[in-house]
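This report describes side-chain pairings and packing. Please have the sequence and the model in view while reading.

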Amino acid sequence: MTTNYKDLYKKSVDLGEQQKLRQLQLLHEQKQRRQLQQDAARHVPDSNDDEEGEEEEAQDETPTHSKAQRKQRRRRATNNNNNNKKGQHFRLQQSEWLRHRPENLCDWLLLPCPVGKRCLVIATNGRTKVHNQAGRIIMQLRTLLPGDAHMQRCKTVLDCVYVSEMDTFYVLDAISFGQQQLLECEASFRFFWLRSRFDEHGELSQVSKRNEKPFKLLDYYDFEDANAVDQVLQRYPQWEANQPQLDGMLFYHKEASYTCGTTPLVCWLFAFMLPDVLNLSVNSSYAPPEDYQPSAALTYMDEFDKKLLTQRQQYKKRGKVAEPAKEEAASAVGAAGMDQGQEDELEEYAELRNLLDYQRRLELGELDMDCSPASPAVASSSC
């Protein structure tokens, strides 16, 4: 009699259930953080605070603290605050696989995402810089975004997908837009704010001398509007002439803040996976790959992640191997150049030596005034 010992072990919590728990926990933490920020913004000092403030003012008025010293302390505090703002570093928000059907799809927003390179576009101090996922600057350009063309003291930070074939930035989300900070705002408000700003500034989607590349805001769809969502899923291609091409579907929780890093409140699925994970029909043109099994969508997600990790590791190894090869090639080219340079210097030195020797012998009368065949190079230059 055989026994399956795996059944004797306590089974771990399903990854889909873990995702649900993390979503609820993160939503609770973000709500608490927003509430604390609102309370701090609405803070009104009470009588105790007034008394403490009067005591501090009385201490400042003592002879040991002059007005100049108080000004210096205030100036230092202001500089520290400005330095903290300048050193603020943003990272792209990364999604997770959607491993389960949410209990209430109406709490989510759908956003079709094109194929391209994710990047962070930051416009401030009269310049616009494009950062890749690693944070490196890959492009600098002039734009009409707030912070570059106008209102240069403010900052605009956009989460974009750059499609090189169309030379266009497609805007997914935003951390800030001009003087409006959006980092701690809910996704539904961020998308609404972006739509209103892009409707006001239609010149952002056009190329001009002051706006070198177009910025186009991607449309989002609320699951409360079932008809609109169904039309999007049945539409193929997603954009006119299939430009750009559809990469997949992003799912944003309406109450989610922007998270710099991976978050379970922003999820991802390929279009062909929606019928199996969410029980939503899509256009038949969104055909799955050969290695995809409809009954094993979660397994496909795990295998896809493993393949992606292997590709990244191989890419890193190639980069490490290529660097020494480049250094050796550069050193070989440099050595060859040095050898050639030394030969040229020797030839020039020999010619100069012959010329000086010829002039010396001519002055001593050892040679006649006619051209000497002994030094043809010199003779040809002097005759």
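Which residue forms a salt bridge with glutamate 17? The partner is lysine 20, and the closest N and O atoms are 3.9 Å apart. A salt bridge here is a side-chain nitrogen of Lys or Arg within 4 Å of a carboxyl oxygen of Asp or Glu.

## Basis of the model

This is a predicted model, in which local features need pLDDT of at least 70 and side-chain atom pairs count only at pLDDT 80 or more, while totals for chains, interfaces and linings use all residues. Residues are numbered from 1 along each chain as its sequence is written, and side-chain values use heavy atoms, with hydrogens and water left out.

## Salt bridges

The count comes to 16 salt bridges. Glutamate 17 and lysine 20 are three residues apart in helix 1 (residues 15–41), about one helical turn; helices (H or I, at least four residues) and strands (E, at least two) are DSSP runs, numbered from the N terminus. Glutamate 17 is partly exposed at 40% relative accessibility; buried means under 20% relative accessible area, exposed over 50%, and partly exposed in between (1.4 Å probe, protein chains only).

Arginine 34 forms a salt bridge with glutamate 186, with 3.8 Å between the closest N and O atoms. Arginine 34 lies in helix 1 and glutamate 186 in the loop between strand 8 (180–181) and helix 4, so the pair ties together parts 152 residues apart in sequence. Arginine 34 is buried at 10%, whereas glutamate 186 is partly exposed at 29%.

## Arginine 197

In helix 4, arginine 197 and glutamate 200 are three residues apart, and their salt bridge has its closest N and O atoms 2.7 Å apart. Glutamate 200 is exposed at 51% relative accessible area, while arginine 197 is buried at 15%. Arginine 197 also lies over the face of tryptophan 193, at 4.2 Å from the ring centre (the rule asks for NZ of Lys or CZ of Arg within 6 Å of the ring centre and within 35 degrees of the ring normal).

## Aromatic pairs

The whole structure holds 17 aromatic pairs. Rings of Phe, Tyr and Trp (its six-membered ring) pair if their centres lie within 6.5 Å; planes under 30 degrees apart count as stacked, over 60 as edge-to-face and the rest as tilted. Phenylalanine 191 and tyrosine 220 have ring centres 5.1 Å apart and planes at 40 degrees, so this pair is tilted. Phenylalanine 191 is buried at 3%, and tyrosine 220 is partly exposed at 31%.
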